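Trainee: I would like to learn how to read helix packing and loop features from a structure. Could you walk me through one?

Mentor: Gladly; let us open it and go feature by feature.

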Amino acid sequence: NIVYKQLVDMTEGSYDYLIIEGGANDAWDSAPVGEMTEGFEGPFDRDSFAGGLEATFAYAKEHFPMAKLGFIVTYQMPSAQIGRLSDMSEYFAMSKVICDKWGIPYLDLFFDEKFNREVLKSETNEHLPDFIHPNSAGYNLLAPVIEDWMKTI
């Protein structure tokens with residue numbers, strides 16, 4: 001719902017891209033994953049991750065029709081001790097299914113084991129000092145990956 005509210009606040013603007021990254025806060029709060037709806041009209045259960053993501057995509061497609069939409073399936077946080085952050089696989093498996101349904105390209109950082117273990121070193125606090133948020137070195141690793149992906153959409 002936080003990302004949804006941010007989109008509502010941005011509605012007056014014009015954007016080339018809308019890149020959404022979400023789900024970690026849902027896992028932080030141990031929100032229910034929920035179920036994907038059958039169609040595209042809703043109603044969407046915004047009290048669940050799945051419903052919130054679908055509501056966000058529906059809003060983005062309706063209010064930002066010229067923007068290229070994309071979703072970032074965020075990196076792993078296996079050492080985080082808050083909520084369900086240490087294993088968000090259920091959230092992000094669902095996000096990929098929802099992205100496919102809505103035709104939204106996604107960058108899958110979560111299920112990229114080599115990136116998580118060897119590049120970001122997500123089991124350590126080298127690039128994620130609180131085991132959640134990147135430091136400058138972490139952003140320097142993430143930025144070119146995201147940039148290369150954005151060129152494909």
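Predicted model: local features only at pLDDT ≥ 70, side-chain atom pairs only at ≥ 80, totals over all residues.

Trainee: Which residues of α4 are buried?

Mentor: They are Y91, F92, M94, S95, I98, C99, K101 and W102. To read such a list, keep the general idea in mind: an α-helix has 3.6 residues a turn, so residues three or four places apart point the same way.

Trainee: What span does α4 have, and what follows the helix?

Mentor: With 14 residues, α4 reaches 20 Å from its first C-alpha to its last, close to the 20 Å expected at 1.5 Å a residue. After α4 comes G103, with a positive phi near 70°.

Trainee: Let us turn to α3. How many of its residues are buried?

Mentor: In α3, 12 of the 15 residues are buried, so the helix is mostly covered. The buried ones are F49, A50, G51, G52, L53, E54, A55, T56, F57, A58, Y59 and A60. They pack against α1, β1 (17–21), α2 (24–28), β2 (68–73) and α4 (89–102).

Trainee: What span should α3 have, and what are its end C-alpha atoms apart?

Mentor: At 1.5 Å a residue, the 15 residues of α3 should span 21 Å, and the end C-alpha atoms are 21 Å apart, so the two values agree.

Trainee: How do I describe a pair of packed helices?

Mentor: The general idea is that two packed helices are described by the angle between their axes and the distance between the axes. Take α3 and α4: their axes cross at roughly 30° and come within 10 Å. Angles under 35 degrees count as roughly parallel, so α3 is roughly parallel to α4. Their crossing is right-handed.

Trainee: Which residues make that contact?

Mentor: From α3 the contact uses F49, A50, L53, E54, F57, A58 and K61, and from α4 it uses Y91, M94, S95, I98, C99, K101 and W102. By type, the residues of the contact of α3 with α4 comprise 10 nonpolar, one polar and three charged.

Trainee: At what angle do α1 and α3 pack?

Mentor: Helix α1 (residues 2–9) packs on helix α3 (residues 49–63) at an angle of about 15°, and the axes are 9 Å apart. That makes α1 roughly parallel to α3, and the crossing of this pair is left-handed. On the α1 side you find V3, Y4, L7 and V8, which meet A55, T56, Y59 and A60 in α3. The contact of α1 with α3 has seven nonpolar residues, one polar and no charged.

Trainee: Now the loops. Is S122 buried or exposed?

Mentor: S122 is in the loop between α5 (113–119) and α6. Buried means under 20% relative accessible area, and S122 has 1%, so S122 is buried. Leaving out residues up to four places away in sequence, S122 touches Q76, P78, S79, N116 and L128.

Trainee: Where is P78, and what is P78 in contact with?

Mentor: P78 is found in the loop between β2 and α4. Neighbours within four places in sequence aside, P78 is in contact with S86, S122 and E123. P78 is partly exposed, at a relative accessible area of 27%.

Trainee: What is phi of F131 near?

Mentor: Phi of F131 is near 70°, a positive value in a residue other than glycine. F131 lies in the loop between α5 and α6 and counts as partly exposed, at 27% relative accessibility.

Trainee: Which loop holds S30, and what is phi there?

Mentor: S30 is in the loop between α2 and α3. Its phi is near 55°, again a positive value in a residue other than glycine. S30 is partly exposed, with a relative accessible area of 38%.

Trainee: What is the peptide bond from G42 to P43?

Mentor: That bond is cis, with omega near 10°. P43 is found in the loop between α2 and α3.

Definitions and conventions. Residues numbered from 1 in each chain as written. Heavy atoms only, no water. Axes fitted to C-alpha atoms, helices over the stretch in contact; angles between N-to-C directions. Helix = DSSP H or I, 4+ residues; strand = E, 2+ residues; numbered from the N terminus. Parallel < 35°, antiparallel > 145°, perpendicular 65-115°, else oblique. Left-handed = near helix turned anticlockwise from the far one by under 90°. Contact = heavy atoms within 4.5 Å. Nonpolar A, V, L, I, M, F, W, Y, C, P; charged D, E, K, R; others polar. Buried < 20%, exposed > 50% of the residue type's maximum accessible area, 1.4 Å probe, protein only. Expected span 1.5 Å × (residues − 1).
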